[in-house]
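Please have a look at the chain below before reading on.

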Amino acid sequence: MVTEITVNNTEEFQELVDNKDIRIAKAIVEGILENINNKKKHIHVLSVTCLEEGEIYDITVERKHFAGTLEENLPYYIREELYEDCKRIKDTIEKLNNPPQIKRGRPKKN
């Protein structure tokens, strides 16, 4: 499920980003973790509705940036002392950075 945040204008959203609002980090991280086994190239993680502009901005993360994005958002979880989630994030980063090797070819004869 995609998280939705409503703000008055883009400046208010930028303020949330600048202040490192945990809601944004949670939306991004949870979106990635919920879609880790999904094969889509881009994952929609956040919708931001700006009331004054009458606009909705959709935030997506490209699969190849999953590990880096999780690493970028980990400090927000540490700051909020969400240590169980920190472990899930670290485990997922490790899994993404070290995928299982697929053996090719014929098995060796004994």
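This is a predicted model: local features need pLDDT of at least 70, side-chain atom pairs count only at pLDDT 80 or more; totals for chains, interfaces and linings use all residues.

Residues are numbered from 1 along each chain as its sequence is written, and side-chain values use heavy atoms, with hydrogens and water left out.

**Overall form**

Let's start with the elements. The chain has 4 helices and 3 strands, where helices (H or I, at least four residues) and strands (E, at least two) are DSSP runs numbered from the N terminus. Reading from the N terminus, their order is β-α-α-β-β-α-α.

The radius of gyration, taken over C-alpha atoms, is 18 Å for this chain, whereas a compact globule of 110 residues would have one near 13 Å. That globule rule is 2.2 Å times the number of residues to the power 0.38. Along the principal axes, the C-alpha atoms fill a box of roughly 70 × 30 × 20 Å. Of the 110 residues, 33% count as buried; buried means under 20% relative accessible area, exposed means over 50%, and partly exposed lies in between (1.4 Å probe, protein chains only).

**Salt bridges**

Side chains of opposite charge can pair when their charged atoms come close. The structure holds 6 salt bridges, each a side-chain nitrogen of Lys or Arg within 4 Å of a carboxyl oxygen of Asp or Glu.

| Pair | Distance |
|---|---|
| Arg 23 and Asp 21 | 3.0 Å |
| Glu 80 and Arg 79 | 3.4 Å |
| Arg 88 and Asp 85 | 3.4 Å |

Arg 23 is partly exposed, with a relative accessible area of 44%. In the next pair, Arg 79 is partly exposed at 42%, and Glu 80 is partly exposed at 37%.

How far apart are Arg 88 and Asp 85 in helix α4? They are 3 residues apart in this helix (residues 83-97), so about one helical turn separates them. Salt bridges that share partners also bring in Glu 30, joining it with Asp 85 and Arg 88 into one network. Arg 88 counts as partly exposed at 38% relative accessibility, and Asp 85 is partly exposed at 23%.

**A negative patch**

Glu 11, Glu 52, Glu 53 and Glu 55 gather on the surface in a patch of negative charge. A patch is made of residues with over 30% relative accessible area and no salt bridge, like charges being joined within 9 Å. Asp and Glu count as negative, and the place of a Glu charge is taken as CD. Glu 55 lies in strand β3 (residues 55-62) and is partly exposed, with a relative accessible area of 38%.

Which residues other than glycine have a positive phi? Lys 20 has a phi near 55 degrees, and Glu 81 has a phi of about 60 degrees. Lys 20 is found in the loop between α1 (10-18) and α2 (22-34), and counts as partly exposed at 39% relative accessibility. Glu 81 sits in the loop between α3 (66-79) and α4, and at 55% relative accessibility it counts as exposed.

Note on methods: Patches are made of residues with over 30% relative accessible area and no salt bridge: like charges are joined within 9 Å, nonpolar side chains (Val, Leu, Ile, Met, Phe, Trp, Tyr) within 5 Å. Accessible areas come from the Shrake-Rupley method with a 1.4 Å probe; for residues, only the protein chains shown count as cover.
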